[in-house]
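Q: I'd like to learn how to read salt bridges in a model. Can you walk me through it?

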Amino acid sequence: MGGGGSPARWWKAVETSLRTPRVQCGLCPRKCLLKDGERGFCYIRQNQGGELVLTSYGRSSGFFVDPIEKKPLYHFLPGSNILSFGTAGCNLGCQFCQNWDISKAQSMDRLAYAVAPEEIAEAAVNEGCSSVAFTYNDPVIFAEYAIDTAKECRKRGVHTVAVTAGYIAEEARAEFFADIDAANVDLKGFTDSFYRRLCKATLQPVLDTLVYLRHHTSVWLEITTLLIPGENDSPQELHEMTQWIARNLGVDVPLHFSAFHPDYNLRDKPKTPLETLQRARQIALDNGLKFVYTGNVDDPSGGATRCPNCSAALIRRDWYTLRTYEVESGRCPHCQAVLPGVFSDTCSLKYGRRWRPMFRKLNALGSGH
């Protein structure tokens, strides 16, 4: 194996009609067929001498300590700190990407921080973080690194979170999510034409991942949809999406509607109006979903977690700051109804909107491999 990186999983050698040996990646639905030296759509998986290699293993574009609400996760250890990191590249081609400087990076220069999985887990413990998040770009493409890090975290009692578009092949799902404790899946829209035109992908594999997570794992699941004016925010599409969620995933899965801002290759669209988010939220509630939130906007009502039985406001939020927290043993203290999710009896209300960089500290820890 020439070049840098770590051996990848989920691939096979294939013979083409031209009898040119190639490898086919099986990690995501793209099934990239690569000749020697060629990189996949994601950029960080490469054919090196007839073997598939993850070129970004052990390297990151940066580390931050965030409030977990930023992922967003509202029903998984609210108010806790989470150590967040990503690498570079992506297996989707979203024209509206909000993290395009990382996910669209075509240079390994973005990966300036070398940190081993066990060092990440230790850093989380030392920083008082309850969890580690694989985020900023999609962790599916650096699955081997994420899996090894999740195993090291589990040894130390640290939870792991995947923030993902869910575009993963069936044969890789079980191993990828085996040691993941929570996931927020970006459901970009609810039409295949939207996925093909604006994401260079397809919808069905994402729906399959959502069903798998909900019915075949113990992973706590939340969903986020970025609403883009004129693209995926029609009442009809929102009705169809939220009815599908209720029917196939259940009414207890939290759904976040997030505001779009013009970025990357979709700068001709306006910001999402607050009214659009509130309308989407009401449609979801009318279709039976119990926990529907608005994000990237100042909307205290859309950020509050209410008891599904008596409607008492159990958690009030101001952006990423928790203002009140009234959850006792995972239940409403007023009527004793169970609040779906993973909750602690104690919660810090001190952590606010700002994130804290970890670049220098973790760079010093890095082993350089």
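A: A salt bridge here is a side-chain nitrogen of Lys or Arg within 4 Å of a carboxyl oxygen of Asp or Glu, and a search of the whole structure finds 17 salt bridges. Keep in mind that this is a predicted model, where local features need pLDDT of at least 70, side-chain atom pairs count only at pLDDT 80 or more, and totals for chains, interfaces and linings use all residues. Residues are numbered from 1 along each chain as its sequence is written, and side-chain values use heavy atoms, with hydrogens and water left out.

Q: Which residue meets R45 in a salt bridge?

A: That's E144, at 2.6 Å from N to O. Helices (H or I, at least four residues) and strands (E, at least two) are DSSP runs, numbered from the N terminus. E144 lies in helix α3 (residues 143–155) and R45 in strand β5 (residues 45–48), so this pair ties together parts 99 residues apart in sequence.

Q: Is E144 buried or exposed?

A: Buried means under 20% relative accessible area, exposed over 50%, and partly exposed in between (1.4 Å probe, protein chains only). E144 is buried at 2%, and R45 is buried at 2% too.

Q: What about E152 and K155?

A: Their side chains form a salt bridge at 3.2 Å, N to O. The two sit 3 residues apart in helix α3, about one helical turn. E152 is buried at 16%, whereas K155 is exposed at 62%.
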